[in-house]
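I want to go through the helices, the core, the rings and the charges.

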Amino acid sequence: MVEFDGFEELSKKLNDLAEKAESVHGTHEVPLSELLTPGFLAKHTRFLSEDELFEASGFEVKTAEDFEKIPDDEWDQFIQQNTPFATWSDMLSAAGTEWTQKKLGLEDEES
């Protein structure tokens, strides 16, 4: 007789993954602090926090409005010089991918 313990466990994991996938489906507004985690920054930059990143940029970023005032080309140049990403958009995309993987349980929370 064949036991299906492995199948039942796999089925439970797949159902759990499906529920998590449903929770991240669609468009989300994710705070920058959830995207630019210390783990993400340590992996892709020399900075340990988003505050360090902003401080090193030479731009005063105390509010969202301050950030919006930074010329896109100058910010992209800073990102290109200090990360492996060509643009801020590329960096955010990678951070969003890691955020989604964590939410799905496909990546460690520490990453």
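This is a predicted model: local features need pLDDT of at least 70, side-chain atom pairs count only at pLDDT 80 or more; totals for chains, interfaces and linings use all residues.

Which residues are buried in α6? I looked and found Trp75, Phe78, Ile79 and Asn82. Buried here is under 20% relative accessible area, exposed is over 50%, and partly exposed is in between, with a 1.4 Å probe and protein chains only. Helices are DSSP runs of H or I with at least four residues, strands are runs of E with at least two, and both are numbered from the N terminus.

Residues are numbered from 1 along each chain as its sequence is written, and side-chain values use heavy atoms, with hydrogens and water left out.

**Entry: overall layout**

Of the 111 residues of the chain, 26% count as buried. I also looked at contacts (heavy atoms within 4.5 Å). Among those between residues at least 6 apart in sequence, 51% join residues at least 24 apart.

**Entry: α6, continued**

Back to the buried residues Trp75, Phe78, Ile79 and Asn82 of α6. They fall within an arc of 95° seen down the axis, so they line one face of the helix. The arc is taken from the directions from the helix axis to the C-beta atoms. On the face turned away from that buried side I found the exposed residues Asp73 and Gln81. The cover over the buried residues of α6 includes α3, α4, α5 and α7. I picked out Ile79 and listed its contacts: leaving out residues up to four places away in sequence, it touches Phe85, Thr87, Trp88 and Met91.

**Entry: α4**

After α4 comes Gly58, and its phi is positive, near 85°.

**Entry: the core**

**Entry: rings**

My rule for ring pairs: rings of Phe, Tyr and Trp (its six-membered ring) pair if their centres lie within 6.5 Å; planes under 30 degrees apart are stacked, over 60 edge-to-face, and the rest tilted. The count comes to nine aromatic pairs. One of them is Phe54 with Trp75, tilted, at 5.7 Å centre to centre and 35° between the planes. Phe54 is in α4 and Trp75 in α6, so the pair ties together parts that are 21 residues apart in sequence. Phe54 has a relative accessible area of 7%, and Trp75 comes in at 3%. Ring pairs also link Phe47, Phe54, Phe59, Phe67, Trp75, Phe78 and Trp88 into a cluster.

**Entry: charges**

How many salt bridges does the count come to? One, with a salt bridge taken as a side-chain nitrogen of Lys or Arg within 4 Å of a carboxyl oxygen of Asp or Glu. The partners are Glu98 and Lys43, 3.2 Å from N to O. Glu98 sits in α7 and Lys43 in α3, so the pair ties together parts that are 55 residues apart in sequence. Glu98 is buried at 8% relative accessible area, while Lys43 is partly exposed at 47%.

Then I checked Glu50, which is in α4. Glu50 is buried yet has no salt bridge, and the nearest side chain of opposite charge, Lys62, is 12 Å away. Charges here are positive for Lys and Arg and negative for Asp and Glu, with His and the chain ends not counted. What Glu50 does touch, beyond residues up to four places away in sequence, is Leu32, Ser33, Leu36 and Leu41.
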